[in-house]
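I opened my notebook to record what I looked up.

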Amino acid sequence: MSQVLSSECDAPLPPSNAAPAGRRTIERRISTFAETRRLCAARGIDERRLSGDRRRNRFHEWRRIRIGDLPVVVANRIETARVMVDESLKRRGLWRYPAYLTSTNGEVTYRCAVNEGERSLFLQADAIHADGMPHVFVSRLRCDIALPERVATSDLFYDVAYEAEAKGATMFMLGATELSNTTAARLVENRFPGLKLVGHRSGFFRNDDEEIRVCGEIAELAPDILWVSMGVPREQRFIVRHRHRLTSVGVIKTSGGLFDFLAGFKPRAPAWMQDAGLEWVWRACLEPKRLGWRYLKTNPLALYLLLAKSG
C-alpha cells in the first residue's frame, strides 16, 4: 500500500515535455508508509502534523438537517455503505486525513447539549448519521425533508462488509474487549470469506505510548475502513486525537457497542421494538445497573431537545 509523501519528503520531477512554456509539472513521489516514516525520521520529523483535510468529499455532498441541534445527514443504509466503500478506495494511497463518520442517538443528543467539548468532537465529523428511531420520527414532524430511515451501525456494518467484499476494500476492527473483538472478527470472517480483514485488536491500552504505537501498526496495514468500537465519547476522542496518525486509512466509522453485538454477547432488540424506537427499553432491561439510570437521566432532556431544536 502506498501513500503520498509530505512536502518535507517530496522531490520535484523533471518538467514534462508537454507542459506549457514557463510552467513546470510537478508530481508527488509515492512511497510506502514505512519508507515515508523512515525518511521523515531521518529529517528529524517525529510526527507529520497536518491541518484538516479541506477537500470536499462524497460525505459533504449529503444534505443535512438539524436534529437535536446536530447536523444529521439525509442518507439511507445502502447509500451510506456504498459511499463509504467507494470513498475509502478513492483515498487509497493518497495519504490524507481519513474521513470520520459517527452517529447520534438520544444519549448523544443529551451529551452534546450539556458538554461543549463532546459536541465539538461530533461537529468535527464528516457526517453524522441518525442511529435512533426518535430522530427519524422527529424529522418527519419538524423538518422540511425527513430522514429516509435509521442508520443503525449494527446493521450498517453488514452492508459495508458486503460492499467491501465485492469491491476489494480492506477493513480493521478496533475496540471492545479481547474476547469480544476476537469472537466478532472470527464470525465476520466466517460470514464474509472474501472480505479482506487485515487486522483486529481490543480497544484497551496500558498507556498513551501503547495507544500511539497501535495507531502506527494500523497505519502500516493501511485499511481502507477502520471501525472504532469504544463507546461515546471515547471513540470520538480517539479519532480526533489520532486522525493525523492514520492518514493511510480511508474512512473511520465509530461503532459504539457494535462488536459485542457481532460476537453475539448482546442480543439485538426485537424488530418491532427497533421500529417503534424502543430499543433503549430492551437494552435497559438487559443492563439495568449500567443503563437504567442513564436512560432515566438522559431521555427526558433528549426528547425535549429533539422536539425543540430540530428543523
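This is a predicted model: local features need pLDDT of at least 70, side-chain atom pairs count only at pLDDT 80 or more; totals for chains, interfaces and linings use all residues.

Is the crossing of α8 and α9 left-handed or right-handed? I looked it up: the crossing of these two helices is right-handed.

I stayed with α8 and α9. Helix α8 covers residues 208-221, and its axis comes within 12 Å of the axis of α9. The two axes cross at roughly 70°. Angles of 65 to 115 degrees count as roughly perpendicular, so I wrote down α8 and α9 as roughly perpendicular to each other.

Next I asked which residues meet there. From α8 I listed Asp208, Glu211, Ile212 and Cys215. From α9 I listed Phe238, Arg241 and His242. By class, this contact of α8 with α9 has three nonpolar, one polar and three charged residues.

**Entry: salt bridges**

How many salt bridges does the count come to? I found 24. I then looked up some of them one by one.

I began with Glu107, which forms a salt bridge with Arg294. The closest N and O atoms are 3.3 Å apart. This pair links distant parts of the chain: Glu107 sits in helix α3 (residues 106-114) and Arg294 in helix α13 (residues 288-308), 187 residues apart. I checked both for burial. Glu107 counts as buried because its relative accessibility is 13%. Arg294, at 27%, counts as partly exposed.

Arg111 came next. Its salt-bridge partner is Glu118, with the closest N and O atoms 2.8 Å apart. Which way does Glu118 fall, buried or exposed? At 6% relative accessibility, Glu118 counts as buried. Arg111 has 22% relative accessibility, so I put it down as partly exposed.

Asp126 is buried, with a relative accessible area of 8%. Arg243 counts as buried at 11% relative accessibility.

Methods
Residues are numbered from 1 along each chain as its sequence is written. Side-chain values use heavy atoms; hydrogens and water are left out. A salt bridge is a side-chain nitrogen of Lys or Arg within 4 Å of a carboxyl oxygen of Asp or Glu. Helices (H or I, at least four residues) and strands (E, at least two) are DSSP runs, numbered from the N terminus. Buried means under 20% relative accessible area, exposed over 50%, partly exposed in between (1.4 Å probe, protein chains only). Axes are lines fitted to C-alpha atoms, for helices over the stretch in contact, and angles run from 0 to 180 degrees between N-to-C directions. Angles under 35 degrees count as roughly parallel, over 145 as roughly antiparallel, 65 to 115 as roughly perpendicular and the rest as oblique. A crossing is left-handed if the near helix is turned anticlockwise from the far one by less than a right angle, and right-handed if clockwise. Contact means heavy atoms within 4.5 Å. Ala, Val, Leu, Ile, Met, Phe, Trp, Tyr, Cys and Pro count as nonpolar, Asp, Glu, Lys and Arg as charged, and the others, Gly among them, as polar.
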